[in-house]
Amino acid sequence: MADALTTAGTAMFDDAVMAKKLPSAVLKRFNDCLISGEPTPEEDQKVIADCIFEWARELGAIDFAHWFFPLRGGGGAVGGMLGAYKKDTLIDLEFGSKFVTKPMKACLPHERLFQGETDGSSFPNGGLRVTHSAAAFTTWDRASFPFVQDKCLVIPCAFVTHFGKCIDEKTPLLRSMDAVTVSGLRLLKAIGIGTDAKAMCSYLGWEQEFFVISADHYKARPDLVNCGRTLFGKLPTRHQQGDLNYFQPIPGKVQDLLDIAQAEMLKVGCPMAVKHNEVAPGQHEMSPVFRTANVSCDSNVLFMEVMNREAQKLGLQVLFHEKPFAGINGSGKHANWSIGTDTGMNFFYPGKNEAGAKLYVTAIACLAYGLAQYNEMVRCTVASAGNDHRLGAQEAPPAIISLYPGQGFEQFMESIISGGDLLGYKAEKKKQSTGCSAAMHIEAPVEDRNRTAPFPFCGNRFEFRAVGSSQNCCFPVMVCNAIMSAGMAHLASLVEGGKSHRDAVAEIFKENKHVIFTGNGYSSEWPIEASKRGLPNLNTTPKAIATWTSEKNKKLLESLKIYTMEETEARQEVMYENYISSMCCEVETMIQMTETGILPACAKDLEKYKGFDKLAGSRKSVYEAIVEQLEKLKASFSAKPHSSLTEEAVFLCDTVKPQMVALRAAVDKAESLLESGLYPYPTYETMIYSHHF
């Protein structure tokens, strides 16, 4: 009997399928081109296209689609960060036919496999294209395998303008992976370790958190439909106080959804490995085993698409917003990131020999340099209207970007700065007794985890914990690659300039150790200490975005060939536009819900207390306070400046957003007084618990 494991990998045109179906010479040239960056020869393109067509038809594919990731953000609203594509049927005309009306044939022309053209006029672009010059092109990311789903051959692609400017999430990621190879191989040559490597890889393993609620309840909440989060609502008396939901058995309907999603993802080669309940009621998580960064980013977007599609069939709705419900935990997407060589050397594994141990210490020095010198750039990658509700809220790392390599390593770093050798860091796992006979001892990692840190060490990788749940992983991983490349290039330049390997590492640690913090990132003392160290605390999205186009950022991204100056500036414009769009949508939805739902409910409730003033209590003043706060919100929103994107974003954040909070507080107070049944929208209690039964 077929199950999710027996069908795993059957719908992906991966290395094993290529080896089976492609001539060995064609496959070798194809893989060589992946390393060199050279175009696949046209004759090979034809062979590959024919093989993929035959394979896809065997799986029932009728259409094919170039699948790409525009810069459309979405602020956590459903569908915001999903992929884009148009479906084309696997047919073409027999142009060699003698007939005037050419007959059609089922096929996949090679030129349509490797490249596509579409209208790029309606995608966010930051000024990189204009309406009267709308052409945009998709090109197959040859390092990410095509797959078949829903009778469609899906081809992962990069997306660029007519002039080659990137207007997507993936292209900068692919460029950053090239930068890792260039800087990584340069570093290895300089320090004399792993010199047989021909290429470098960056890896990603994501942990996707999300909420699941009833689709009917979702449709009855205009705020969820339009904004992805609730703008009003009070918590039930029991929510997450006792951690009762955490790792509890998954509710039946949600279990069905997760099982289906797992099977679909396994089928297309994504090794989904974990599913469990999260801390908040109605909150869950799924995650796969790590893979190369571009492939893993693809699979995360696909996962969100699959979850949305399959949830609808079960009468459920998945919420990927960072903070769909106030007062309980929001959702993140922890990005477990690492880099390594094509020969198997992991830069972030302490190593079992001297070369591995030295490389590990060297790599952390490079990462510390990148995080210290380009701290604001890293913060920008997780800046969004949705994530502002989550960062620094005792459920996610603070907006201060720091590095946690472990307390033991911090002490070892100080010894290197003082003149000590690069060897000597003890990376052995520690045996810890359970104190009972039936359960064996545990092997604890060399360093404990620090969930309050935005960048903690996790045994063989670093976990970027600040990434928002609705985000595309490409952007944060791209910048992780960029800052690491900067660090590797800097250390290599020191050695090439005459410094010893040891002295170069010591110098970098000494100059950048202020970014290393092994304490409690949730503490009130940390922001004060961070300020003393000179670490920025960009605690709102507008503050973060403003730093994106600093000269040092633009120079780095251009030098690494990740972004041109123009592309860097365009990305800032897109970030501002997305923040403003998200905030304006929330304000307008809030006003509409108050006027058409909340106030009529308050009026009906107050009417019932005519002649019963003592029973009415504070209702009249509480309900009138809503009107007062609503008018203040309208006034502040109407005063929004239009002189520049920067001013508009700052005004929305600093002036309008506090008034939204005030209106919400008034409405939520009224919810506690309204007669049961009069509240016009599904309550928090109804939404987060109803699908549990």
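**Legends to close-up views of the predicted model**

View 1. Met-104 is located in strand 4 (residues 104-106); helices (H or I, at least four residues) and strands (E, at least two) are DSSP runs, numbered from the N terminus. The model is predicted: local features need pLDDT of at least 70 and side-chain atom pairs count only at pLDDT 80 or more, whereas totals for chains, interfaces and linings use all residues. Residues are numbered from 1 along each chain as its sequence is written, and side-chain values use heavy atoms, with hydrogens and water left out. With a relative accessible area of 63%, Met-104 is exposed (buried means under 20% relative accessible area, exposed over 50%, and partly exposed in between, with a 1.4 Å probe and protein chains only). Together with Ile-91, Leu-93 and Phe-95, Met-104 makes a nonpolar surface patch of about 420 Å². Patches consist of residues with over 30% relative accessible area and no salt bridge, like charges being joined within 9 Å and nonpolar side chains (Val, Leu, Ile, Met, Phe, Trp, Tyr) within 5 Å. Accessible areas come from the Shrake-Rupley method with a 1.4 Å probe; for residues, only the protein chains shown count as cover.

View 2. Strand 14 (residues 333-341) has 9 of its 9 residues buried, so it is largely enclosed by the rest of the structure. In a regular strand the side chains alternate between the two faces of the sheet. Lys-333, Ala-335, Trp-337, Ile-339 and Thr-341 are buried on one side of strand 14, and His-334, Asn-336, Ser-338 and Gly-340 are buried on the other. Strand 14 pairs with strand 9 (residues 200-214) in the antiparallel sense over 9 bridges, Thr-341 being the bridge partner of Met-200. Strand 17 (residues 462-464) also runs antiparallel to strand 14, joined to it by 3 bridges, and Phe-462 of strand 17 is the bridge partner of Trp-337. Two strands pair if DSSP finds at least two bridges between them.

View 3. The structure holds 39 salt bridges, each a side-chain nitrogen of Lys or Arg within 4 Å of a carboxyl oxygen of Asp or Glu. One of them joins the side chains of Glu-58 and Lys-21 (3.8 Å, N to O). Glu-58 lies in helix 3 (residues 42-58) and Lys-21 in helix 1 (residues 15-21), so the pair ties together parts that are 37 residues apart in sequence. Glu-58 is exposed at 53% relative accessibility, while Lys-21 is partly exposed at 24%.

View 4. Arg-309 forms a salt bridge with Asp-150, with 3.4 Å between the closest N and O atoms. Arg-309 belongs to helix 9 (residues 293-313) and Asp-150 to the loop between strand 7 (147-149) and strand 8 (152-161), so this pair ties together parts that are 159 residues apart in sequence. Both are partly exposed, Arg-309 at 21% and Asp-150 at 47%. A further salt bridge links Lys-313 and Glu-310, whose closest N and O atoms are 3.2 Å apart. Both residues lie in helix 9, 3 residues apart, about one turn of the helix. Lys-313 is exposed at 58%, whereas Glu-310 is buried at 8%. Salt bridges with shared partners join Asp-150, Glu-264, Lys-267, Arg-309, Glu-310 and Lys-313 into one network.
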